[in-house]
Amino acid sequence: MSEPTLASAVVDRLRGDILHGALPPGEKLRLEHLATRYGVGRTPLREACCRLASEGLVTIEDQRGFRVAPISRADLLDLTRTRQQIETLALRGAIAHGDIAWEGEVTAALHRLQRRVPTSTGGVLDDTWEQEHARFHATLLSACGSPWLLKFHATLFDQTERYRRLAQAHGKSGRNVEDEHATLVKATLDRDAERACALLTEHIARTTELVLAGHPGLRVAASSLEKSLPTKGRGSRSKD
């Protein structure tokens, strides 16, 4: 395996272990242990940690190495507000500039996602659903015309997924996310930017509400969530 390919593979594996919670928040990343775990040397591991630090998934400690980035309620709320602003801006651009081919890609992405279920009977997250979910959201915004917006979206989406996966182990939400996605696509393909952006804002907020209510280290009262999260059109929320 070439050096660039090896480095990318290590980044992908380390990112995956952080996003899936195999490496929990705050854990020290000991290169000697990771080298054995991944079967690589310390140099590509150090490079991977630096790259993931730029994504906010790893923190760098002066003279002390690396740690998995911690989680907090304040961080998740800030992440949510930023994601709402970035993604609604991108969605408006996609609705304005997307062509027939983009409409077909969005429809196909939704259909692929609907063919999967989020969790298995044991409550374990389905990896294929997770991949299609990320692909769906990326496709929805893909016609926005701004590579920077798409790059920011990808980083923010990964951060949100880390929180969601960590909260998943503590209970089920009963959320009808399939209807949320379908309603969002309908408004998008109807070129109703106001409704689509309101639905996307609510969709992102709903995820954060469930994470904050489900994770014992982040749990807060529902009344506090209502005041903390910017949302639109709460009346359109899918019922649990």
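A pocket, as the word is used here, is an open set of grid points where a 1.4 Å probe fits, with protein on both sides within 12 Å along at least five of seven lines. Keep in mind throughout the tour that the model on the screen is predicted.

Begin with the second largest pocket, which has a volume of about 300 Å³. To find its centre, select Leu 19, Ala 134, Phe 157, Asp 158 and Glu 161, which are the closest to that centre among the 16 residues of the lining. If you then colour the lining of the second largest pocket by residue type, you will find six nonpolar, four polar and six charged residues.

Move on to helix α9 (residues 193-214) and select Leu 210, which is found in it. Leu 210 counts as partly exposed because its relative accessibility is 22%, a value between the 20% and 50% limits.

Select Cys 144, which counts as buried because its relative accessibility is 9%, under the 20% limit. Then select Cys 197, which also counts as buried, at 2% relative accessibility. If you look for pairs of cysteine sulfur atoms within 2.5 Å, the count of disulfides comes to zero.

Note on methods: Residues numbered from 1 in each chain as written. Predicted model: local features only at pLDDT ≥ 70, side-chain atom pairs only at ≥ 80, totals over all residues. Heavy atoms only, no water. Buried < 20%, exposed > 50% of the residue type's maximum accessible area, 1.4 Å probe, protein only. Helix = DSSP H or I, 4+ residues; strand = E, 2+ residues; numbered from the N terminus. 1 Å grid on protein atoms, 1.4 Å probe; cavity = no way out; pocket = protein on both sides within 12 Å on 5 of 7 lines; lining within 4 Å. Points joined across faces, edges and corners; volume = space filled by probe spheres on them. Nonpolar A, V, L, I, M, F, W, Y, C, P; charged D, E, K, R; others polar.
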